[in-house]
Amino acid sequence: MPALLLLAASLVASGLASAVLPRIDSANTGTASLKQVRNPHFFPHGPSALAKVYHKYGVPLSDDLRLAVAGGIPHKRVTGSGVASPQQYDVEYLTPISVGTPPLVLNLNLDTGSSDLWVFSSELPPSEINGQTVYDPTKSTSAKKLEGATWEIEYGDGSSSEGDVYIDSVAIGDLTVTAQAVQAAKNVSAEFTADTHDDGLLGLAFNTINTVQPTRQKTFYDNAQSILDAPVFTADLKDDAPGHYNFGYIDSSAYTGNISYLPVDSSQGFWMFTSPGYAISKGGYKITEMKGIADTGTTLLLLPTSVVLAYYKQVDGARYEGTQGGYIFACSATLPDFVFAVGNNARITVPGKYINYAPTDSSGTTCFGGIQKDIGIGFSIFGDVALKAAFVVFDGPNQQLGWAAK
Ligand SMILES: C[C@@H](SC(=N)N)c1ccc(Cl)cc1
C-alpha cells in the first residue's frame, strides 16, 4: 500500500483524519480520478479534528483541548436494566443477575446499603441451603479464584454470611462486567437459609465498606461506571409490583415533574443525604433535619423518634408494642401520608397505604407500622417503604442523589 495511503489509513484509524479514504484508480492515463468512500472505522471526535488543525499549523493545544483529545475516541457505551420483583409484603426486591460462563441466573437483592456481591455457593454446608440457586465456581470457565481473599459481613438485622472470592463475569441485562469480585458464601446465617428465593446480595453502596480482606473489592456499579453511557444507576421500586434498576441512563418516562438532587455524604460508605423537614398528610410542614441513607436493602422507613411520635399521634389507637419491637395499630386504621422534603422545594409523598406494612399475626387484626424509630443506628434509613414512592438516581461521580415523584 502506497505510503500516503498507509499514513492516511493510520490517521483515520486514530481518528485524526477525515472520515473518507481516497481510492486511487489504476488506469495509466497520467490522470487519476479518486473516488471517495466513507471510512467505517472513523468515529467523529471534535476535539481530535480541532487538534489536527492546530498540529497542522503548529498552534499549541490548550490544556482543555489536550485533555479532551486524551479522552480519546468515544467507545461504545452500554446500559443495563434489571426487573426488581417484590417478595411478600415488599419485604425485599429480587433481580435476576447472570454470573459466570455459561451464565448462571441468580436472583439477588440489590442493596444500596452494602457493598459486597455475595452469592449462595457450592462451598456451603448442604444444611444451610434451602432451595436457593448456588454458584459453583468449578463449573464456570471464566471463574478465577482470588487467592487468599476472604470476606465476612453482618447486616443491621443481625443476619450474616462469610466465604471466599472469585473473579468472574457478572451481567445485569445487557450490562456485563467481565472481572467482578463474586463473593462465594461458605456460611450463611439462618435468616438467609430461610429466605428461599434470595440467592445473595449485590451491594451498590460505596467500595469503602466492602468487606473483602486483605484487599477491598469494587462494587458492580463502580466496575461498570467506565463503560456506562452515563455513570449513574436508578431505583424504581413499586408497591406490590415489579419495578426496575437501570444502569447508565435515566428513563424520563419513569417519573413525573423534575428530578431534585441532593448532595451525598459517602464518608460512612452509604448514600447518605439530609432531608430538611416533613409533613404528615395535609398537616403543617415541620423543619426537622433527617440525616439518612437511601437503602434498598432495608424494608422499612426508620426515622428520628420525634418524627415517629408525631406520625403515630395522627393514627387512632396506634401504640408501641414491646413484644413486636415497634409501633402497631388496627389493620383497619386509616394511615396519613408521610411527606419528606428533598431540598427546600421538592417533596416526596409516601402514601399512608405503604405505611400499613403487614399484619402482626394471622388474625389480621393488628398491623405493624412501615415507619419505625431509627434509635441506635446513628442515622435514619429511607428503606423500601419510602423508596417505592420515588424514582431515585444514584450518581457516584457527582456524589448526589436525585429524587422524583412518579
Ligand atoms: C444499612 C442497613 S443494612 C443493609 N442495607 N445491607 C442497616 C444498617 C443498620 C440497621 Cl440497624 C438496619 C439496616
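Which residue lies over the face of Tyr320?

**View 1. A lysine over Tyr320.** Lys373 lies over the face of Tyr320, at 5.6 Å from the ring centre. A charge sits over a ring if NZ of Lys or CZ of Arg is within 6 Å of the ring centre and within 35 degrees of the ring normal. This is a predicted model: local features need pLDDT of at least 70, side-chain atom pairs count only at pLDDT 80 or more, and totals for chains, interfaces and linings use all residues. Residues are numbered from 1 along each chain as its sequence is written, and side-chain values use heavy atoms, with hydrogens and water left out.

**View 2. A lysine over Tyr354.** The charged end of Lys388 sits over this ring. Its distance from the ring centre is 4.9 Å.

View 3. Phe233 is in strand β11 (residues 232–238) and Phe394 in strand β25 (residues 391–395), 161 residues apart. Strands are DSSP runs (E, at least two residues), numbered from the N terminus.

**View 4. The edge-to-face pair Phe340 and Trp403.** Here the centres are 5.4 Å apart and the planes at 85 degrees, so the pair is edge-to-face (over 60 degrees). Phe340 is buried, and Trp403 is too.

Technical notes
Helix = DSSP H or I, 4+ residues; strand = E, 2+ residues; numbered from the N terminus. Phe/Tyr/Trp six-rings, centres within 6.5 Å; stacked < 30°, edge-to-face > 60°. Buried < 20%, exposed > 50% of the residue type's maximum accessible area, 1.4 Å probe, protein only.
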